[in-house]
Amino acid sequence: MSSIVDESIISDFVAESREHLNRIEPDLLAMEQGGAALSQETLNRVFRAIHSIKGGAGFLAFESLKGLSHAMESVLMLVRDGKLGVGPELMDALFASMDRLRAMLDDIQASDQVPIAQELGKLSAILEGQGVEPGAQVKVQGKAEGGGKREFNLDAQEVASALSHGMNLFHAKAFLHRDIKDKGLTPLGFLTNALSVGQVLDAYIDPMEIVGLEACLEQDLAVTLLFGSVLEVDLAAMALKLPPAQVSMLDMKALRKQMKPAAAAKEVAAAPGPEAPAPAPETEEPAELQAAVPEAGRTAKGDNGPETLRVRVDLLTDLMNQAGELVLSRNQLLRALVERGRDIPGLASILQNINQVTSELQEGIMQTRMQPIGTVFNRFPRIIRDMSRQLGKQIEVQIKGAEVELDKSIVELLVDPLTHIIRNCADHAIETPEERKKARKNPSGQIILHAYHQGGQVIIAITDDGRGIDPKKVLTKALAKGLVKESQARDMSDREIVNLVFAPGFSTAEAVSDISGRGVGMDVVRSNTEKLGGHVELESQVGTGTTVVLRLPLTLAIIPSMIVGVSGHRFAIPQVNVVEFVWVRAAEVAKRIERVHGAEVLRLRDQLLPLIRLADVLGIQRSYLDPSTGERREDRRHELADRRAGESASVALESEPEPEPVPAKRGRKAKAAQPLPEAPPPQAARLQDRRTDWRSDYNIVVLRVGSNQFGVVVDELYDIEEIVVKPLSEFIQMCKSFSGATIMGDGRVIMILDAGGLVTQAHLHFTDLQAEEKLRHEEEKRKAAVAASRRRSVIVCTGAAGEYFAIPQDQILRLEKIQTSDIQRVGDREFVDYRGHGLPLVKLEQVIAVKPVAADLQEVFMIIPKVLERGTVALAKAGIVISDIIDALDVEVELEAATVNGPGILGAAILQHNLTLFLDPIDMLQGAGLLKGAEA
Amino acid sequence: MSQFATFRLGDRVFGLDIMMIREINRILDITPVPHARDHIRGLINLRGQIVTILDLAVRLGLPSREVGEDSHNIILKTTVELAALHADGTAKAFSTSSDLVGFLVDAIGDVVEADDAAIEPPSANVSEAESQFLSGVIKTDAGLLVLLDIKEVLSSG
Amino acid sequence: MTTGKPQLITKRKGDTLRLAPKSDLVASTVEAYRASMLKAVEAPGQAVVLDLSAIEQLDSLGITLVLGLFKSCQKGGVAFSIEGVKPDIVRVFKLFNLTKFFPVSEA
């Protein structure tokens with residue numbers, strides 16, 4: 001049986017419910033703390049969220065979820081109506097129920113398996129204490145013929161949502177026999193169809209129309225629907241496959257009016273218990289909303305805000321990356337055209353425009369990814385609440401600047417570091433109430449989360465009024481762990497010392513707690529922050545408290561980049577320029593790399609790639625790791641070709657295997673720095689030529705600029721990383737080789753290479769190479785032609801016994817068998833009658849020094865060569881007599897000089913184990929004096 | 001009265017109005033920038049912001065400095081920051097750079113107070129190359145304090 | 001789909017009458033079931049339990065039949081409930097808001 005509910009409806013419901021829960025968590029905390037000052041708005045928000053979860057769960061028939069949320073709703077309603085005060089018992093029940101709701105949403109299909117009896121029990125106890133029966137539903141009543149009324153059990157939230165989506169609401173009747181069974185539908189199928197064209201707000205069958213078993217099958221029961229759809233009434237009927245008379249639209253104007261918040265004020269009637277609806281006589285009259293609906297207020301209010309649209313994050317990420325690449329291209333364009341600016345009228349202003357639009361585009365896309373820091377902050381009060389109970393501490397959390405926005409990816413990456421810091425605060429920093437009293441502090445500790453803007457950065461400060469960090473203890477530990485030397489420590493300020501907690505491997509917790517765990521240090525906080533292009537610092541006063549300050553960039557201009565190393569320096573190459581990586585082993589360098597016009601080139605597949613050494617282009621002293629000592633040393637060789645062997649590279653290349661290209665895929669680990677093999681003993685190493693040492697392998701990054709490609713030789717290839725582009729200051733903007741700088745995970749600044757700039761800097765001339773390439777292509781073509789010419793189709797035949805001949809097929813016009821008795825002799829010439837003509841015969845021995853064909857043969861063969869006269873094939877001129885045809889072969893042979901000489905002999909080769917003379921029949925005819933002047 | 005932070009390059013002592021200084025630090029992990037002009041020492045990571053560090057000695061025509069135990073970077077406020085201070089009335093009108101920039105110096109000395117009237121024009125006994133970057137001298141108990149013309153030092157000329 | 005001849009298993013335990021159809025309640029079987037049910041509820045006792053554990057499909061007529069049985073019980077003041085219902089069929093009862101008239105418990 002098909003499932004009635006579309007999977008996507010369920011997943012939407014789960015996502016929305018989760019959002020509801022996240023949104024109201026701070027409200028629940030506020031309820032707990034607020035006491036009498038609790039605002040109605042907060043309560044309403046919580047109530048609405050739970051109500052809407054209940055509604056969805058009800059429609060989708062998730063019973064446990066509905067049951068629990070219903071109970072929560074009932075309790076909340078009492079609180080909202082001022083009938084129930086907020087106490088710890090109530091809050092514990094609500095928090096516990098929240099956790100259950102979350103658990104159920106985590107695996108919605110198994111939600112009925114989540115145990116909720118305990119939570120339900122707590123809630124029921126509270127309700128029973130108030131003498132209230134659970135149950136609250138909003139009713140839309142259909143006006144019936146004869147004044148009777150029929151109520152729909154309608155979720156007002158859904159009505160509001162349907163209205164806000166521009167839907168019309170319909171009252172529809174479908175008869176089980178006529179409209180469902182007779183049309184081949186099942187009742188479920190009917191509802192499924194309805195769901196596919198709109199929203200089913202309520203549906204029911206009224207059994208009261210039936211009298212009993214006796215006549216039931218003869219009765220046609222009606223399914224009544226309250227149905228929301230953007231369709232107009234005629235189309236809605238068609239979509240529901242119902243006669244138009246059975247579908248009527250509700251009075252939308254009246255409905256909207258009554259959904260207005262003003263009307264909603266306080267009109268929620270005491271929740272009625274579940275009751276059987278009154279019979280609903282058939283009616284085509286529109287139903288109308290009777291009870292006002294408080295929940296509608298939210299939607300109406302929401303409508304005043306700017307319109308929003310859900311967009312997939314990966315799409316935004318994509319757009320952002322594209323924008324980043326566009327910025328790079330713009331920079332290249334500007335650089336390429338800056339000198340032409342004066343020559344082309346109007347160019348300067350066009351460039352200016354492109355410049356600005358690109359920047360604004362990038363900024364706009366960045367903006368779409370902004371998220372308030374509150375999405376992270378708001379989870380901490382709950383964490384602290386639970387922790388403080390567990391630790392027996394009293395801790396208050398204050399949040400300031402929750403509205404400060406940061407790039408979504410930054411917000412996400414902040415979760416872990418902030419959680420770590422906050423847990424540390426609660427676990428280690430804040431003292432127990434007794435300790436605090438002794439120290440004359442408020443027994444309740446404070447943690448303040450504060451986000452604000454400063455100088456183009458976002459600052460997040462986490463302040464606690466706990467015991468502070470003792471620099472003496474930190475220093476002792478840092479010295480013990482060897483993180484600092486005594487000599488360094490003497491010059492360090494207290495502030496510098498406490499910041500040592502960010503050093504890798506440092507952890508100040510004296511007791512291991514199950515909350516903060518062991519040694520998950522602040523170093524993780526630091527490295528995570530720095531990965532974001534941020535920075536973390538700490539200030540602490542013993543006895544007074546600690547402030548951890550994170551400075552973060554607002555947005556990220558992130559581009560995936562290849563990190564390469566030369567002579568110990570690292571550089572980033574934007575992935576957009578990288579085509580592939582080529583690794584040439586030291587032993588093969590000589591064969592792979594050649595010189596064209598004095599410049600080095602790498603032959604990669606059918607392309608010649610100019611090579612540059614990054615160290616040379618950037619003017620960095622080349623260095624290499626000395627194999628014997630492992631130290632970095634100056635490399636004095638200046639040409640790759642110094643490593644070349646003597647042979648001619650171009651010849652050798654043809655049969656050489658290709659260098660190993662590594663596809664330049666994003667995020668993949670490229671060939672990482674070589675694992676160090678066992679170091680050879682020093683003497684052996686010195687003897688060993690560096691040419692074959694693996695340390696002399698070549699890592700080549702193939703880059704693309706426009707349609708040109710070139711190779712950059714680097715020492716090391718590291719990973720591909722997402723880097724944050726920082727613009728160059730005015731002092732270094734003239735450095736063409738770079739497009740920006742970035743900060744690596746270890747805090748170091750590295751330069752971002754500009755592929756176009758490198759081309760300029762290295763004075764690469766692609767045109768020279770293109771000419772060379774063309775030359776080589778022609779050379780190759782010629783060689784191919786030669787090779788093709790060596791390929792022949794031949795007729796292999798014999799003359800005298802043991803003598804073999806091969807004649808190119810394309811030089812043969814005919815092969816004819818002749819009877820020796822038919823051969824006539826005229827003078828010293830022999831003839832045979834061929835198509836009414838006397839055709840002269842040539843005997844092999846007449847022309848070349850071979851034995852004659854045996855004279856006793858009854859039959860022989862003659863080969864009639866193809867002779868061209870004035871470009872067309874002439875009639876048969878003569879036949880060459882052979883004894884037998886052996887084979888027709890396609891052969892590719894290198895002809896050697898034959899021992900036998902004479903006109904018509906091309907050379908000799910072994911064919912099928914026999915030495916075979918290759919003949920040129922035209923030459924033979926000429927040699928025999930039967931043809932004048934070669935025309936073939 | 002103005003306050004001058006003093007610093008040393010070799011055996012010379014220079015002064016810089018402290019209102020121009022953003023901070024003094026020992027972030028000496030300086031990434032060199034190939035092909036930059038000689039007096040550009042490189043880039044540092046100042047809490048997530050990139051700062052260009054000038055080799056002030058080279059700019060003044062002196063030999064490049066080795067980074068030593070007392071080496072420091074003096075990071076200048078940007079023109080935007082200075083304009084704000086000036087608008088507040090807390091600082092004179094200074095001109096630096098719109099980018100974050102700092103100087104590598106051999107050592108940091110005391111802060112010296114001096115009346116503006118005590119500032120004298122540069123004496124004649126400095127080299128031509130150097131005098132271009134000097135705005136004045138102050139005679140102090142400890143000796144002659146040479147004041148830099150930051151605008152000139154930072155100019156691209 | 002449970003096919004086969006419509007066969008209504010009736011069990012009486014104390015005051016409770018248990019009715020268990022052995023095949024789906026669909027157009028082709030409802031007539032036969034109605035006849036058997038009519039006979040069975042002549043002496044319904046205090047409660048009637050409709051056991052749907054063998055049922056995989058319930059079409060429009062099947063629903064009508066169940067409701068007819070319910071009404072007959074209701075008229076006679078007999079408690080009516082349904083048991084052993086497959087989740088998908090529970091959903092049918094819920095979606096049509098029928099569970100408020102009689103308890104429906106899942107298999």
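Modeller: Between chain A and chain B there is 1 salt bridge. That term means a side-chain nitrogen of Lys or Arg within 4 Å of a carboxyl oxygen of Asp or Glu. The pair is A:Arg748 and B:Asp29, with the closest N and O atoms 2.2 Å apart. Side chains of opposite charge can pair when their charged atoms come close.

A word on the basis. This is a predicted model, in which local features need pLDDT of at least 70 and side-chain atom pairs count only at pLDDT 80 or more, while totals for chains, interfaces and linings use all residues. Residues are numbered from 1 along each chain as its sequence is written, chains are lettered from A and ligands numbered from 1 in the order in which they are written, and side-chain values use heavy atoms, with hydrogens and water left out.

Back to chains A and B. The contact (heavy atoms within 4.5 Å) involves 31 residues of chain A and 24 residues of chain B. Together the two chains bury about 2200 Å², and carbon and sulfur atoms carry 62% of that. A:Arg748 returns here: with A:Phe731 and A:Val749 it supplies 30% of the area that chain A buries against chain B, more than any other three residues. Buried area is the accessible area (1.4 Å probe) that two parts lose on being put together, summed over both.

Polar contacts come next. The term covers a pair of N or O atoms within 3.5 Å; within protein, one must be able to donate a hydrogen and the other to accept it, and residues adjacent in sequence count only if both atoms are side-chain atoms. Chains A and B have 7 residue pairs in polar contact, both residues being at pLDDT 80 or more. On the chain A side, β13 (535-541), β16 (569-574), β27 (738-743) and β28 (749-753) each supply at least two of the residues that touch chain B. β27(A) gives the most, with 4 residues. By class, the chain A side holds 14 nonpolar, 12 polar and 5 charged residues. In this scheme Ala, Val, Leu, Ile, Met, Phe, Trp, Tyr, Cys and Pro are nonpolar, Asp, Glu, Lys and Arg are charged, and the others, Gly among them, are polar. Helices (H or I, at least four residues) and strands (E, at least two) are DSSP runs, numbered from the N terminus.

Now the salt bridges inside the chains. Over all chains the count is 35. In chain B, B:Asp55 pairs with B:Arg41 at 2.8 Å, N to O. B:Asp55 sits in β5 (residues 49-55) and B:Arg41 in β4 (residues 40-46), 14 residues apart. B:Asp55 is buried at 2% relative accessible area, whereas B:Arg41 is partly exposed at 21%. Buried means under 20% relative accessible area, exposed over 50%, and partly exposed in between (1.4 Å probe, protein chains only).

A:Asp179 and A:Lys183 form a salt bridge, with the closest N and O atoms 3.9 Å apart. A:Asp179 is buried at 2%; A:Lys183 is partly exposed at 41%.

In chain B, B:Lys139 and B:Glu120 meet at 3.0 Å, N to O. B:Lys139 lies in strand β9 (residues 134-140) and B:Glu120 in the loop between β8 (107-114) and α3 (128-131), so the pair ties together parts that are 19 residues apart in sequence. B:Lys139 is exposed at 58%, and B:Glu120 is partly exposed at 31%. In chain A, shared partners join A:Glu25, A:Asp92, A:Asp99, A:Arg102, A:Arg382, A:Arg385, A:Asp386 and A:Arg389 into one salt-bridge network.

Chain A also meets chain C. Their interface has 2 salt bridges. A:Glu218 pairs with C:Arg34, the closest N and O atoms being 2.7 Å apart. The contact takes 34 residues from chain C and 39 from chain A. About 3200 Å² is buried, 69% of it from carbon and sulfur atoms. C:Arg91, C:Leu95 and C:Phe96 supply 22% of the area that chain C buries here, more than any other three residues.

The rule finds 9 residue pairs in polar contact across this interface, both residues at pLDDT 80 or more. On the chain C side, α1 (27-40), α2 (60-75) and α3 (87-95) each supply at least two residues. α2(C) has the largest share, 13 residues. The classes on the chain C side are 17 nonpolar, 7 polar and 10 charged.
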